[in-house]
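Subject: Structure handover and notes

Hello,

Here is the structure you will be working with. Please open it alongside this email and read the two together.

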Amino acid sequence: MSTTSSSETILPFQPSSMSAAQLAAVSFLARYSGATHALYRAQLGRWFAWCGTNGLDPLVGIQRAHVELYIRDLGDAGLMDSSVNTMMHAVRGYFRFAHIDGTIPADPAVYARLPKVHRDESRTQGLDRLELIRFLQVAQTISVHHGALAYLLGVNALRASEAAAVRIEDYTDVLRGHRVLHLVGKGNKPATMPLTVPVLRVLEACRGERTTGPLILRPLSGRPIDRRDVYRMVQRIARSASIPRHISPHSLRHAAITNALDAGVPLRDAQILARHADPRTTEHYDRARGNLDRHGVHFLTAYVAGV
């Protein structure tokens with residue numbers, strides 16, 4: 001079994017001094033950027049550290065049993081099953097591409113058993129129709145910036161980072177009679193979505209006389225907002241709207257999708273609104289929102305009520 005020295009870490013690209021494991025890690029991480037790159041780098045760093053502790057090379061000679069033991073150790077360290085699965089994303093990708101590149105003869109992680117995570121309902125606390133209406137109304141009374149943020153999150157279903165990144169130039173185009181917003185979403189995927197009249201009205205109020213630059217600003221300093229500002233602004237709106245539970249930016253995205261489904265929007269159109277790659281993700285929102293009201297037990301009870 002190969003051993004790993006304490007200096008076996010994921011290094012910047014230095015081919016002359018890198019081991020096969022490090023080179024494979026750099027090759028894998030080169031596919032990603034930004035937050036995803038940082039997350040996967042940390043996940044691989046934990047795998048490398050575990051291998052070093054156990055006298056293993058992180059790549060060469062690894063067998064499925066080693067990966068299984070690592071998964072068990074993650075659980076023993078107190079990670080939830082869903083967190084264990086998340087921690088394994090980079091490790092599984094690392095071995096998959098090392099195998100594709102011919103660095104190792106087989107992928108030892110492909111058949112490694114991961115914990116099963118059963119998610120029948122979303123744990124996100126969303127808003128129903130009346131709460132969403134109140135949230136949008138109250139947001140506009142705080143400031144034009146809070147109003148614009150609320151509509152982008154709660155109507156157009158933007159993520160926090162997407163809403164913070166919106167610039168005035170991003171919604172100047174008109175396509176097929178619709179004023180549209182251009183944005184770059186999760187995974188650097190470009191998207192174009194229409195802006196309805198109420199949304200456009202609050203965006204224009206937020207823009208004022210400005211013609212370029214970030215749209216939503218911090219009301220006091222006038223500086224562009226970031227993700228943390230988005231969270232704080234949402235929290236302030238929720239308190240002012242007297243919503244008696246924790247509300248996050250994702251709660252507004254959740255509310256936009258679930259209320260669209262409640263309004264009768266077809267699943268395919270709701271998927272486009274949410275920009276989900278897999279329709280099963282959108283179905284998860286629908287199931288989490290309506291399964292109690294539409295549960296078959298109601299119909300069965302009515303059917304056998306006369307028995």
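This is a predicted model: local features need pLDDT of at least 70, side-chain atom pairs count only at pLDDT 80 or more; totals for chains, interfaces and linings use all residues.

Residues are numbered from 1 along each chain as its sequence is written, and side-chain values use heavy atoms, with hydrogens and water left out.

Helix names (H) and strand names (E) follow DSSP runs, of at least four residues for helices (H or I) and at least two for strands, numbered from the N terminus.

Helix pair

Two packed helices are described by the angle between their axes and the distance between the axes. Helix H2 (residues 34-53) and helix H4 (residues 81-100) have axes that come within 8 Å and cross at roughly 80°. The axes are lines fitted to C-alpha atoms, for helices over the stretch in contact, with angles from 0 to 180 degrees between N-to-C directions. H2 and H4 are therefore roughly perpendicular to each other (65 to 115 degrees; under 35 is roughly parallel, over 145 roughly antiparallel, and the rest oblique). On the H2 side, the contact (heavy atoms within 4.5 Å) is made by Tyr40, Gln43, Leu44, Arg46, Trp47 and Phe48. H4 supplies Thr86, Met87, His89, Ala90, Val91, Tyr94 and Phe95. By type, the residues of this contact are nine nonpolar, three polar and one charged. Here Ala, Val, Leu, Ile, Met, Phe, Trp, Tyr, Cys and Pro count as nonpolar, Asp, Glu, Lys and Arg as charged, and the others, Gly among them, as polar.

Strand hairpin

Strands E2 (residues 178-184) and E3 pair in the antiparallel sense over five bridges; pairing requires that DSSP finds at least two bridges between the strands. E3 (residues 190-194) has a covered face, Ala191 and Met193, and an uncovered one, Pro190, Thr192 and Pro194.

A covered helix

How many of the eleven residues of helix H6 are buried? Ten of them are, in a helix that spans residues 144-154. Buried means under 20% relative accessible area, exposed means over 50%, and partly exposed is in between (1.4 Å probe, protein chains only). Among the buried residues are His145, Leu149, Tyr151 and Gly154. The buried residues of H6 pack against E2 and against several helices, including H5 (129-142) and H10 (249-262).

Salt bridges

The structure holds ten salt bridges, each a side-chain nitrogen of Lys or Arg within 4 Å of a carboxyl oxygen of Asp or Glu. Arg64 bonds in this way with Glu68, with the closest N and O atoms 3.1 Å apart. They are four residues apart in helix H3 (residues 64-76), or about one helical turn. Arg64, at 43% relative accessibility, is partly exposed, and so is Glu68, at 22%.

A network of salt bridges links Arg218, Asp226, Arg228, Asp229 and Arg232. In the bridge between Asp226 and Arg228, the closest N and O atoms are 3.5 Å apart. Asp226 is partly exposed at 24% relative accessibility, whereas Arg228 is exposed at 61%. For Arg232 and Asp229 the figure is 2.7 Å. Asp229 is buried, at 7%.

Regards
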